[in-house]
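Me: Hi! I'm new to reading structures, and I'd like a close look at one part of this one. Could you walk me through the place where the two chains meet, and then what lies around it?

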Amino acid sequence: MIRRNTIPFGPQHPVLPEPIQLRLVMEDEKIVEALPSIGYVHRGLEKIAEKKDYVQDVYLAERICGICSFMHSQNYCQGIESLMNVAVPDRARFLRVVWAEIHRIHSHLLILGLLADAFGFENLFMRLWQIRELVLDIMEKTTGGRVILGVCTIGGVKRDITPETSDYILRQLDEIERQLSAVLPSLTHDYSVKQRLVGIGVLPKDKAYELGAVGPVARASGVAMDLRESGYAAYGELNFAMVTESAGDCYARTLVRVRELATSADLTRQALAKMPSGPITTPVKGSPTGEVLARIEQPRGELNFYIKGNGSRNLERFRVRTPTFANLPPLLHMLTGCQLADVPVIAICIDPCISCTER
Amino acid sequence: MPAMSTFKKSPWVVHFNCNSCNGCDIEFLACLTPVYDLERFGILHVGNPKHADVLLVTGSVNHRNARVLRNVYDQMPAPKVVVACGVCAATGGIFADGYNVLGGIDKVVPVDVFVPGCPARPEAMIDGIIRAAEILESRNTAAITSVSCRKPLHRCTPVPDSPKPV
């Protein structure tokens, strides 16, 4: 009989940028059970949000996660705006799309690079992160921040994009796509890369649906689900085709992200072209009353905020459900039956953001 | 600051994400990639604390990870230096009010260099690591007993045992 061993993976592990522990119950090299153990980056953010003013919470929400920071503040602002019946100016809605999509490009490049690092292709990791710096240059030029932007506010945005900056973004996007076209084929067509990704960590469509997968993980398994289709912000006035794959393995998840890079660049161009002129913010008075469930499509999937206000400056309850939390049960399903050497690739492939999850 | 070529040894860095929002972490990873390229100073990023000379910590300390941080620090061979990256590592930052947050990492380990920023910019991080490397060089030459000017370790706040993993 094979003896069972339990191997702790994390919390401090070279492949993981963030601390999470996966306790892997092994039979020889095969994993029979994976148990997550979390709480290493729990900051008690939901409780802090109740202590602060609801306007200050925009900046707190932005710091739920540094990778998709803009979308957290956008979702929070959209929730408060729907509670207070604030009509956001049209230009602000388009500006939000521009920053959100640029953020998506940066986030996807980041995780594709980390994935390359996880399967040992360090050169590719460096190249992808080098190209990612061009995306960060756009963010720095338009907002002043590289990672935490701080431009979203209740009732609109804080900074405008001038026509010159708009031209700069378009030129920079062309340059990013030109450089990516030289690098991405090695991620999608390379023989050794395919050996590490194809058929690894398979999540069938019915399981993806049943376990509540979201974002690229769900779309790679053939579950057509993208909140941008609901038309929040300015997405209703822009055209885009949802990216789906059917294989449900690590390779399909990589392909979804690679193809979404192009979608996001296209959406940015459309938003810049169709952006109406006008004010970028509208004054907001009073305090939020009532409750709302705000939803948005983040790079990792659907992000939910539950916000409850009681008419005072402080929120009564702020609840965060991040996409990585929804993708953890599918991850445990994928890990079961795989080999120990594949754990880093499978874990990185769901694009885990532990800081989001633990808040 | 002396020229980089005056470093006698190549300092190796281990990065520990304590209680961070990821902002500083991805900026540290950006330091390693070609645009900022920390390796040009001979500084390597390693995963094993026993290989490392510099401990770079992002984020504040909470009840669960204080022991993990202390553990990583204790595993590093002396002489060693600690860089606290970002305002969270210095004071707890925006999360200082959290019920779970103990405060800056100086509650648990002695800190040599504080790098400000939310998140700290890669240039600031590189500057912080290089200053830490200079401190490391001075410690390399000094006798271990003469390093008593550092913050004594017994100032650590006692931390209750973290709950058992589920």
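How many residues does the contact take from chain B, and how many from chain A?

Reply: Happy to! First, a word on what you are looking at. This is a predicted model, in which local features need pLDDT of at least 70 and side-chain atom pairs count only at pLDDT 80 or more, while totals for chains, interfaces and linings use all residues. Residues are numbered from 1 along each chain as its sequence is written, and chains are lettered from A and ligands numbered from 1 in the order in which they are written.

Now to your question. Chain B gives 34 residues to the contact and chain A gives 36; two residues are in contact if their C-beta atoms, placed from the backbone, lie within 7 Å. On the chain B side, β1, α1 (23-32) and α2 each supply at least two of the residues that touch chain A. Helices (H or I, at least four residues) and strands (E, at least two) are DSSP runs, numbered from the N terminus. The largest share of that side of chain B comes from α1(B), with six residues. By type, the side of chain B that touches chain A divides into 17 nonpolar, 12 polar and five charged residues. Here Ala, Val, Leu, Ile, Met, Phe, Trp, Tyr, Cys and Pro count as nonpolar, Asp, Glu, Lys and Arg as charged, and the others, Gly among them, as polar.

Let's stay with one of those elements, α2 of chain B, which spans residues 66-75. Its buried residues are B:Ala66, B:Val68, B:Leu69, B:Val72 and B:Tyr73. They fall within an arc of 165° when you look down the helix axis, so they line one face of α2(B); the arc is that of the directions from the helix axis to the C-beta atoms. A residue is buried if 20 or more other C-beta atoms lie within 10 Å of its own, exposed if 12 or fewer, and partly exposed in between, with C-beta atoms placed from the backbone. What do these buried residues pack against? Their partners in chain B are β1 (12-19), β3 (54-59), β4 (61-62) and β6 (101-103).

Stepping back, chain B has four helices and seven strands, which follow the order β-α-β-β-β-α-β-α-β-β-α from the N terminus on. Of its 166 residues, 48% count as buried. Among its contacts between residues at least 6 apart in sequence, 82% join residues at least 24 apart. B:Thr91 counts as partly exposed because it has 18 C-beta neighbours inside 10 Å. Leaving aside neighbours within four places in sequence, B:Thr91 is in contact with B:Ala96, B:Gly103 and B:Gly104.

What about the partner? Chain A has 13 helices and eight strands, and 55% of its 359 residues count as buried. Its radius of gyration is 20 Å, which agrees with the value near 21 Å that a compact globule of 359 residues would have. That radius is taken over C-alpha atoms, and the globule rule is 2.2 Å times the number of residues to the power 0.38.

Chain A also holds an open sheet of three strands, in the order β6-β7-β8 and with antiparallel pairing. The edge strands, β6 (289-298) and β8 (315-321), each pair on one side only. The twist averages 10° from one strand to the next. Two strands pair if DSSP finds at least two bridges between them, and 10 bridges join β6(A) to β7 (301-310) of chain A. A hairpin joins β6(A) to β7(A) through two residues.

Helix α3 (residues 69-83) of chain A lies across β6 and β7, running at about 145° to β6(A). Helix α11 (residues 323-335) lies across β6, β7 and β8 of chain A, at about 130° to β7(A). For these angles, axes are lines fitted to C-alpha atoms, for helices over the stretch in contact, and angles run from 0 to 180 degrees between N-to-C directions.
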